[in-house]
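Thanks for coming. I will go through one structure today, a few packing details at a time. Please have the display open.

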Amino acid sequence: MLTSSSQKSHIRIKPERGWVSVNLRELWQYRELLYFLVWRDIKVRYKQTLLGAAWAIIQPFFTMVVFSLFFGRLAGVPSDGIPYPVFSYAALVPWTFFSNALSQSSNSLVSNANLITKVYFPRLIVPVAAVLSGVVDFGLAFVVLLGMMLVYGIVPTSVIIWLPFFLLLALITALGVGLWLTALNVQYRDVRYVVPFITQFWMFASPVAYSSSLLEEPWRTLYGLNPMVGVLDGFRWTLLGVSNSPGPMVYVSAFASIMILISGVYYFRRLEGKFADLV
Amino acid sequence: MGEVAVHVEKLSKQYHLRSGGRERYSTLRDSIMNVFKLQRNHDRREGVFWALKDISFDVKPGEVMGIIGRNGAGKSTLLKIISRISSPTRGVIDLHGRVGSLLEVGTGFHPELSGRENVYLNGAILGMQRSEIDRKFDEIISFAGTEKFIDTPVKHYSTGMYLRLAFSVAAHIETEILLVDEILAVGDADFQKKCLNKMSDVAQEGRTVLFVSHNMAAIRSLCTSGIVLDRGEMRFYGEIRDAVQFYGNLVTARDQQETLNVADVGFTNVRVAGENTDGITTGAPFKASCTLHLQVALPGFQLFCILQNEFGEVLVHGHNTGLEAHAAVPGIYQIDVSFPALWFRPGLYSLHFKLMASGLASGKARFVSNTIPVDVTGTVTGEALHGTLTPDLHWHMVGTSLEVHVQESKMARP
């Protein structure tokens, strides 16, 4: 009689206070739910919007056109010897992914309030799904980037093997900042009005329209504290073959990005127990 | 020592109240402002509300426990904590076995997605594995009866179809412990019956169920044990029949405090008597009675006898003005109201008397007696759960058939 109960799962619920650990095993158990939430977000987005997939391309492409006209042609911003349209578009692809990830994830818990208040699952899944669902848009915009490189006759060198590293860095950064904003938005509901401002401000603080090589060396490495600097320079370096490699700045960016993710996860977990009461 | 499926010990849940409401999110602007205005921040800490206080109980494997109480008693909060949606302020809960919670049907259903897609999405949300959904998919849609529309977006479904599909997914969760909240309150009678039948199957499968409902008939037929919550406190824990009775007493006791009686007018001895003393039988006539004490003359008054169901819906609003002549003078009056057999579905009802006086110098006045529980008993067949009234009908069928073999085939399956 007692042996049968030992086989069953046992869960103990008690008040959680302060810093709580992340249960990775449980997250793994819920991987199918993560898959379904990502799948739902993508499916619904492409079903609902009239332009569907085109939207994923229009957003970075038209920004590129405007940038090329004003920064490239009129202001004459230097672009490391690369045609300005490809130069800016190579940064706009990861940047668009990042800014969409922030706006999607920061609102994800509030827009999924019906789930949060009715079913239990690790809440981390919701913002993670919101970030991951942007990967498809990223993929479509990336295909256009490859097309542009073909048109301008740019052939990537062997350093392209480092591209996956920068993809991962973009994902980690988006996730880390996204988690911070998600948790903040549940606690302070006016955060969502600040998010568009943050992303806009952040874009001009990152080398999207210009090159980070404008900065002299000790400052360029310090600039890497903004993790998107490492991502954007990494994309240009691996794909467009910009002569000088980003150097130590990449390590600073990677470190900053990982710190943001870890602190984001813990801040999120700290508030997790209260989400259902606050949403 | 016996096994336990759910062990709840000294469970408490506290909410901070802000300006009279429930706990709400704040704004960054407010928090920044509060740094400068320290005393305002202090005010906020004051409003504390205990949604649950020191709740302790055990549920054995295979036991079906009913959780009853009024709205706001803490029933849903309790289920939310056991299903880990909300975290407790104090106390411990041990769950032995996989937990499935069914607090709402159709959680996470998306109108743009098809029935098929929603079954998979909803299944995953409820904690089912993909392989498990694959295996049960045909069963789920045939139970819902939506095979034809399975690839249509659910926004084109009728409410009934939507609910049937949603319930069907939920009904196929196979966890050892199942938490169910008030799902019978939605949908039409047909849907409710289906839910109830499925719930009684679940109860008979030997799974542990915690069941919240206002439907006393359902509670009584499904549950073995029960707890009664009132304003966050557990007031009763024991057999379901006793729990329902305790709840009935609780409801009427509360009403007595809220009675609008003034010294001049009073109702006493409100009673209902049928064939047996402690309740009435669905198919039998009964009598309601009370004593009216009048200290003053009350010209222009009306007397009502009101019978309500467990949801507070008024089923009978009996009214008689022929008593006016008597009540014009002070005195003590015995009032009897004879009811015919009403054929109400068995369950918990309530009855009270009301007096309206329109001819007073101060204008209109209203006096209400205390409310008493009326427990309607009777045998219910599965079919009788289908309506508000369960009259004993006598069927009769006559006709002339055109062909002999047609008549035979029709009558074979009535």
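Which residues in helix 4 of chain A meet which residues in helix 5 of chain A? On the helix 4 side of chain A they are Q59(A), P60(A), T63(A), M64(A), F67(A), S68(A) and G72(A). Across from them, helix 5 of chain A brings Y84(A), P85(A), S88(A), Y89(A), L92(A), V93(A) and T96(A). Sorted by class, this contact between helix 4 and helix 5 of chain A has eight nonpolar residues, six polar ones and no charged ones.

Before the geometry, a caution: this is a predicted model.

Two packed helices are described by the angle between their axes and the distance between the axes. For helix 4 (residues 54-74) and helix 5 (residues 84-106) of chain A, the angle is about 140 degrees and the axes are 9 Å apart. That makes helix 4 of chain A oblique to helix 5 of chain A. The crossing of helix 4 of chain A with helix 5 of chain A is right-handed.

Helix 4 (residues 115-125) and helix 6 (residues 159-171) of chain B pack at about 40 degrees, and their axes are 10 Å apart. Helix 4 of chain B also passes helix 6 of chain B in a right-handed crossing. From helix 4 of chain B, the residues in contact are G115(B), V119(B), N122(B) and G123(B). Helix 6 of chain B answers with L165(B), A166(B) and V169(B). By class, that contact of helix 4 with helix 6 of chain B holds four nonpolar, three polar and no charged residues.

Next, burial. How many residues of helix 8 of chain A are buried? Eight of eight, over residues 125-132 of chain A. By name, those in helix 8 of chain A are I125(A), V126(A), P127(A), V128(A), A129(A), A130(A), V131(A) and L132(A).

Strand 3 of chain B, residues 64-68, is mostly covered as well, with five of its five residues buried. In a regular strand the side chains alternate between the two faces of the sheet. In strand 3 of chain B, V64(B), G66(B) and I68(B) point one way, while M65(B) and I67(B) point the other way, and all are buried.

What does strand 3 of chain B run parallel to, with four bridges? One partner is strand 7 (residues 208-212) of chain B, where V209(B) stands opposite V64(B). Another is strand 8 (residues 225-230) of chain B, also parallel and also joined to strand 3 of chain B by four bridges. There, G66(B) has G226(B) as its bridge partner.

For chain B as a whole, there are eleven helices and 18 strands. Chain B has 414 residues, and 38% of them count as buried. Taking contacts in chain B between residues at least 6 apart in sequence, 72% join residues at least 24 apart.

Now the interface. The contact draws 42 residues from chain B and 35 residues from chain A. On the chain B side, the elements giving two or more residues are helix 1 (28-36), helix 3 (75-82), strand 4 (90-96) and helix 4 of chain B. Strand 4 of chain B gives the most to that side, with six residues. The side of chain B that touches chain A comprises 16 nonpolar, 14 polar and twelve charged residues.

Last, some individual residues. K10(B) has a phi near 45 degrees, a positive value in a residue other than glycine. K10(B) sits in strand 1 (residues 6-16) of chain B. Is K10(B) buried or exposed? K10(B) counts as exposed, because it has 12 C-beta neighbours inside 10 Å.

R84(B) also has a positive phi, near 70 degrees, and is likewise a residue other than glycine. R84(B) lies in the loop between helix 3 and strand 4 of chain B. With 19 other C-beta atoms within 10 Å, R84(B) is partly exposed.

In chain A, Q200(A) belongs to helix 11 (residues 191-204). Q200(A) has 11 C-beta neighbours inside 10 Å and so counts as exposed. From Q200(A) to L239(A) is 39 residues in sequence and 25 Å in space, C-alpha to C-alpha.

Terms used: Residues are numbered from 1 along each chain as its sequence is written. Chains are lettered from A and ligands numbered from 1 in the order in which they are written. This is a predicted model: local features need pLDDT of at least 70, side-chain atom pairs count only at pLDDT 80 or more; totals for chains, interfaces and linings use all residues. Axes are lines fitted to C-alpha atoms, for helices over the stretch in contact, and angles run from 0 to 180 degrees between N-to-C directions. Angles under 35 degrees count as roughly parallel, over 145 as roughly antiparallel, 65 to 115 as roughly perpendicular and the rest as oblique. A crossing is left-handed if the near helix is turned anticlockwise from the far one by less than a right angle, and right-handed if clockwise. Two residues are in contact if their C-beta atoms, placed from the backbone, lie within 7 Å. Ala, Val, Leu, Ile, Met, Phe, Trp, Tyr, Cys and Pro count as nonpolar, Asp, Glu, Lys and Arg as charged, and the others, Gly among them, as polar. A residue is buried if 20 or more other C-beta atoms lie within 10 Å of its own, exposed if 12 or fewer, and partly exposed in between; C-beta atoms are placed from the backbone. Two strands pair if DSSP finds at least two bridges between them.
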